[in-house]
Amino acid sequence: MKYKLFLLFLLFTCLGFQSSKKAPLSAQIANYDIRVKLDINQKKLIAHTKLVWKNPSADTVSDLQFHLYYNAFKNSETTFFSEKGLPSLFKTSLKDDCNWSWVEIQNMTDKYGNNLASNMHYIQPDDDNKSDQTVLRVPLPKPVLPNESIEIEFDWIGKIPKTMIRTGHNMDFYFMAQWYPKVGVYEPAGMRYAEKGGWNCHQYHSSGEYYGEFGNYKVDMTVPENYMVGSSGTQPNPPKNNGDQTTTWSFEVNDVIDFAWGASPHFVESKMNWKGIKIRLLTYPEHVHFKERYFSILPQALEFFEDNFERYPYPSLTIIAPPFHGLYTGGMEYPTLITTLNSCLLPTGVRSTEILTVHEFVHQYFQQIVGTNEMEEAWMDEGITNFYEGVIMDKIYGEKSSTIDFMGIKAGNAESDRVSYFNMENPAIAPNSLNSWEFPGGSYHTIQYSKSAVWLNTLKKIVGEKTFKEAMKTYYFRWKFKHPSAKDFVNVINEVVAKNHPEEFGDGMNWFFQQVLYGTEICDYAISSISNNNKITSSGIFDNLEECEKSEFAKNENNEEIFISTVVVQRLGNMTLPMEILVRFEDGKEFLEKWDGIATMTTFSYESTQKIECAEIDPYHKIPLDKNLLNNSFTSKPNLSGVRKYVNEFLFWMQNAMEGLGMLI
Amino acid sequence: MWVLLYLLNFAFALLSAVPFSGFLSKSIGHSLANLNMLNSFDYTFISDLVREYESGLSVIMNLSVGIILLFFIFSIFWMGGILSILKNKENNYSFRQFWQGSTVYFWKLTRLTFYFSCFQIIIFGFFAFLFLRQGISPFEIKSEISIIKSIAILLPIYISFAIIIFMIQDYAKIHIVHDNRKLIFQSIKNAFQFVLKNFGKCFGLYLFNLVTFAAFFGIYWSLSNSFKSDSSPTIALLFIIGQSFIFSRIAVKILNLGSAMELYHTES
């Protein structure tokens, strides 16, 4: 009896334990336990990593592939530098001090004691550039069976670059991103575009960022005792003084795709709590006054995502605001850690601090949680993030002043994306669907960030805010803590749009994505003319050659003249979108016409006693993708008030310029 | 003379404002976007206008630069006339005297303008060198505070130097017209000595005139920002306020030269 009671007790205890333990958010495939020491004299990281990698596929995996990002800065011939060129700022430092950086794995064994290091070698899956050592292949003597795990351990040393792109040191500021040997993503058959299982582990290119596998991290960082550490994750224990003028800081975080940290003796720490989420801000003393701006904008972004998607799922979020000499590490996203930028040189009306904070925070959802591949489909995180950055900033600061509101100069966030996209020398230079490193002529940033945000905004307005919101929420919940591709995104949008608008978009939105995502079409519709001509009564010779009907202006029964009015609409670009055209008559009557927008020209004609006053394409401003908004409307009579105002201002500043130069006399 | 100078300024500005007006009327005169121009600064509108009509606008801009340079040359020309009138202020204004002064002193004033422009460039270059010497790159300095500090220190010193050079130039012009020496370096030397000898008075007078100019600008700024110019009457009102400021600016320029001429008469 006692034995049975004991078993019953044990059963309930276990069940209780199970239910109180939180289920993992992700598949937790790549799990790291890292002990790293920061050597500030040699500018090196000396580390030991224990990695448990779980085979997520039905394949037998015979090798592992690692990113060694620091090797991108190892010599002038790496793929990174071949694509980017040596930035002039770094040339002196590299030339004089031989400040090249690198990462080297010194040994590697599996849990059976097999030496894995003997056969490891660098590979170049993207460009066959033998000088590039950013991807390491490790053949396994004992392959990893389906759904089994492998546990490996290795010592490694990393030479820290002088602040290079996103990472490195300058003076006594250290920011460690892409700092450790990081296993690639094994894509089983059917995942994204994989027809058979294989590693997705690209070299480090100058454009594009990262693609990471979900997992857990436990990291111990030993730094000089006067340094403070800011990191991904939370601290299970307070920092431990080792008695040798060093302190070890421990951080842990689960279900993330990466881990980053920074250290400095000058960090000033500020904290706040938002609905149980611990927010930690590390700034330099001269930037402490920015605290209010961070702690004001971040909760609003958290609130937005809680309302529109779900509550931020991690217990902490750290913001590192780099000092001026750490500028090149700023404005970047890592799981539960973001870096932003601020400067005492910028006035409050220039909202770069808020924009970057919101942007990098949005990335917590779109790439850190919905784990897209930024090397291959950067628009899926940068584009979507830029779009939501615009939504949040415009909502808080107004759509005409959310980026700049300073000395009468104003610019909104979403409108800045549109301007940036169309101000490119060639907005049709590349589709969004290229790999990050394949964008020609430095077009990566504008196409992936700005163009994507503009077409997402257009999509939202075409399908309606409610449907768009539902589609994005469905996409998020279906793909969080997984790795979707563009086709997965398109499928979700098609599904929700077709469900909500079976009449209008029953076949989905592929016609739209073909043009904006996979194509380079440019949208430009214009009202080319309006005419209001008197209707003429029938005139001429009909049955009797002797009788000629004279021409007269036609009138109605109230003796009012009748007009034949026409509006001519043209498609000037090669993108076709359904268009609405609002035609307003002089008596205030309005007609909303719909046009499929496919032909190069169409005409709308009316017979009325009133003349057309004006006509406007897209009167409700649903198509920010339209390149020229000035030709979207036409008034039958010119309205020159605005012209007069600008000419007046032009005249005034012209006179001042002439007098100003006259000061030299 | 003030009215004449104002009308010349206005006429020159019209040479580019009229084509600008015609260009805008033709390109966007029938667009409803015109109404956006009545509101405050509209980034989308400005960007679309500049991008879509870039070729036409660049012609207007090039024309405007040409007109500004032409006006600059003419300003040198009639500076001699202005100073001649001020020198003989007891006589009534005579167009003949103005014309004569303009032609007689043109080349000397042109050379003087060239030399003093060089001085100003050297002074600016020197202070720019001092500013850049400490570095502005994130790899060279610890914090942007040092940039702010050096701006806070160097900028007032630079402005003071530039003002002194402008002031000496004014007295050199006066000396040229007053004494009409053959070599203008004598006039520069004389002006320098004069300013050095009467620095308090010269600098005080110059500052007073600068403050007067700043006060006019302040009045213009507060008036023009006190209402929204979104209708024909308010646009007309803005035009009147703007033109009043230009007129006052020209008046201050004459006042500055006239008062300096008076001081020169008194002290030399």
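Asp255(A) is found in strand E16 of chain A, which covers residues 246-256. Strands here are DSSP runs of E of at least two residues, helices are runs of H or I of at least four residues, and both are numbered from the N terminus. This is a predicted model, in which local features need pLDDT of at least 70 and side-chain atom pairs count only at pLDDT 80 or more, while totals for chains, interfaces and linings use all residues. Residues are numbered from 1 along each chain as its sequence is written, and chains are lettered from A and ligands numbered from 1 in the order in which they are written.

Back to Asp255(A): its phi is near 60°, a positive value in a residue other than glycine. Most residues other than glycine have a negative phi. Asp255(A) counts as buried because 20 other C-beta atoms lie within 10 Å. The cut-offs run like this: a residue is buried with 20 or more other C-beta atoms within 10 Å of its own, exposed with 12 or fewer, and partly exposed in between, with C-beta atoms placed from the backbone. Arg166(A) also has a positive phi, near 75°, and is likewise not a glycine. Arg166(A) sits in the loop between strand E7 (149-159) and strand E8 (168-170) of chain A. It has 19 C-beta neighbours inside 10 Å, so Arg166(A) is partly exposed.

Chain A as a whole has 13 helices and 33 strands. Its C-alpha atoms fill a box of roughly 115 × 90 × 55 Å, taken along the principal axes. Of its 665 residues, 46% count as buried. Take the contacts in chain A between residues at least 6 apart in sequence: 67% of them join residues at least 24 apart. A contact means that the C-beta atoms of two residues, placed from the backbone, lie within 7 Å.

Helix H5 of chain A, residues 352-362, is mostly covered, with ten of its eleven residues buried. Among them are Thr353(A), Glu354(A), His359(A) and Phe361(A). The cover over the buried residues of H5(A) includes helix H4 (291-308), strand E20 (316-320), strand E21 (332-334), strand E22 (337-339), helix H6 (382-397) and helix H7 (413-422) of chain A. In the loop between H4 and E20 of chain A sits Tyr314(A). Tyr314(A) is buried because 21 other C-beta atoms lie within 10 Å. Tyr314(A) and Asn254(A) are 60 residues apart in sequence but 8.5 Å apart in space, C-alpha to C-alpha.

Next come the nonpolar cores, each a set of buried Ala, Val, Leu, Ile, Met, Phe, Trp, Tyr and Cys residues joined through C-beta atoms within 7 Å. In soluble globular proteins, nonpolar side chains tend to be buried together. The largest core has 167 residues, and Met221(A), Val358(A), Ala471(A), Val567(A) and Ala615(A) touch the most other members. Helix H8 of chain A, residues 444-463, gives the largest share of this core, eight residues. Leaving aside residues up to four places away in sequence, Ala615(A) touches several residues, including Ile527(A), Ile530(A), Val567(A) and Phe634(A). A second, separate core of 27 residues includes Trp78(B), Phe116(B), Ala191(B) and Met261(B).

Where chains A and B meet, the contact takes 59 residues from chain B and 55 residues from chain A. On the side of chain B that touches chain A, two or more residues each come from helix H1 (2-28), helix H2 (43-52), helix H3 (54-87), helix H4 (95-133), H5 and H8 of chain B. H1(B) gives the largest share of that side, eleven residues. By class, that side of chain B has 33 nonpolar, 20 polar and six charged residues. Here Ala, Val, Leu, Ile, Met, Phe, Trp, Tyr, Cys and Pro count as nonpolar, Asp, Glu, Lys and Arg as charged, and the others, Gly among them, as polar.

Within chain B, the buried residues of H7(B) are Cys202(B), Tyr206(B) and Asn209(B). What covers them includes helix H5 (145-179), helix H6 (184-197) and helix H8 (232-267) of chain B. Leu255(B) has its place in helix H8 of chain B. With 16 other C-beta atoms within 10 Å, Leu255(B) is partly exposed.
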